[in-house]
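Please look over the chain shown here, together with its fold, before reading the notes that accompany it.

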Amino acid sequence: MARIADGPSARSRRNAKPASATVKPARPAGGTRPIDLYYWPTPNGWKITIMLEECGLPYTMIPLDISKGDQFKPEFLAISPNNRMPAIVDPDGPGGRPISIFESGAILQYLGRKTGKFYPKDERSRVEVEQWLFWQMANLGPKAGEANHFRNYAADKLPYAIARFANEMNRIYGVMNSRLADREFLAGRYSIADIACVGWASRAERHGHDLGAFANVRRWLKTMLARPAVKRGLSVKVEAAFHVDINDPKVRAILFNQRAGGAPRVDASNPASEL
Ligand SMILES: N[C@@H](CCC(=O)N[C@@H](CS)C(=O)NCC(=O)O)C(=O)O
């Protein structure tokens, strides 16, 4: 269902507007207008490609090259002030006006409410889903990110940090394993909570986390990865992402030296310098 657009600058020149935009192109006859998805192929990005695929919603994938600093462009910050992807702009938001949303959990909830899919309305069922969605947002995602950073990206391999996050990941997969002992999915029925988790879990072994002791997680993962929409969502690729050199000082400065106001620019001829 995805169409691929140019990067965010080109897009914003055409029609990416914040939620208050009043421009309203004609709706295609009988169809839903595509949602703009600002995306880079990572576990957080996959949450949204999977959900859009599951819901059968048309979308335009706009690559946001976080290795080059696209996330700091003013037009993207107007949509996602935390300089992180994913973010979406739905031209058919509430009241028929465009709406922009950042934070993957909020996007999943929005798409669940919009379509009535994978996010039950009944309050008890909804609370079940939300607990595990927020559990992912506060535990599985951030801790897996830090574990990956200290193990694979940090220049200094700090034993304390590596062990600290490896232990956390072991604890987290243990929690998930217990939860899945007597139910097929995290909230009982398949939901946005499962969609939020699968990208990270699919990379667990690659990130160095042993799922051997967690049979219920492995069974859940197999079920998840067999879903056609999950397969499609996980395979939305961006060619440029294959060519990112994480050892390039410019890339490292953009991704790993961020402070208020953005990332320092580094002179390629003198990587130690900040411009
Ligand atoms: N809590 C955010 C996290 C998003 C996030 O960390 N995105 C990363 C890629 S996985 C990103 O955009 N990084 C850009 C940067 O570090 O500047 C969400 O779930 O949407």
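Predicted model: local features only at pLDDT ≥ 70, side-chain atom pairs only at ≥ 80, totals over all residues.

Five strands make up an open sheet with mixed pairing, and their order across it is β1-β3-β2-β4-β5. The edges are formed by β1, which covers residues 2–4, and by β5, which covers residues 99–102, each of them pairing on one side only. On average, and with direction ignored, neighbouring strands of this sheet are turned by 25° against each other.

Within the sheet, strand β2 (residues 35–39) and strand β3 (residues 59–63) run parallel and are joined by five bridges. In this pair of strands, Leu37 has Met61 of β3 standing opposite.

## Helices against the sheet

Helix α2, made of residues 43–55, lies across β1, β2, β3 and β4 (87–90), and runs at about 155° to β2. Helix α4, made of residues 104–115, also packs on the sheet, where it touches β2, β4 and β5, and its direction makes about 135° with that of β5.

## Cysteines

A disulfide is a covalent bond between the sulfur atoms of two cysteines. With a cut-off of 2.5 Å between cysteine sulfur atoms, the count of disulfides in this model is zero.

Tyr173 belongs to helix α6, which spans residues 159–179. Its relative accessible area is 1%, so Tyr173 is classed as buried under the 20% limit.

Which residues are in contact with Tyr173, leaving aside its neighbours within four places in sequence? They are Leu140, Trp200, Ala201, Ala204, His209, Leu211, Phe214 and Val217. Asp210 lies 37 residues from Tyr173 along the chain, and the C-alpha atoms of these two residues are separated by 9.4 Å.

## The largest pocket

The largest pocket holds about 1,700 Å³ of space. Its lining consists of 44 residues, of which Thr42, Pro43, Ile66, Tyr153 and Trp200 are the closest to the centre of the pocket.

The elements that give two or more residues to this lining are α2, α5 (123–153) and α10 (249–256). Of these, α5 gives the most, with ten residues. Trp200, one of the residues closest to the centre of the pocket, is also among the contacts of Tyr173.

Notes. Residues numbered from 1 in each chain as written. Heavy atoms only, no water. Pairing = 2+ DSSP bridges. Helix = DSSP H or I, 4+ residues; strand = E, 2+ residues; numbered from the N terminus. Axes fitted to C-alpha atoms, helices over the stretch in contact; angles between N-to-C directions. Contact = heavy atoms within 4.5 Å. Buried < 20%, exposed > 50% of the residue type's maximum accessible area, 1.4 Å probe, protein only. 1 Å grid on protein atoms, 1.4 Å probe; cavity = no way out; pocket = protein on both sides within 12 Å on 5 of 7 lines; lining within 4 Å. Points joined across faces, edges and corners; volume = space filled by probe spheres on them.
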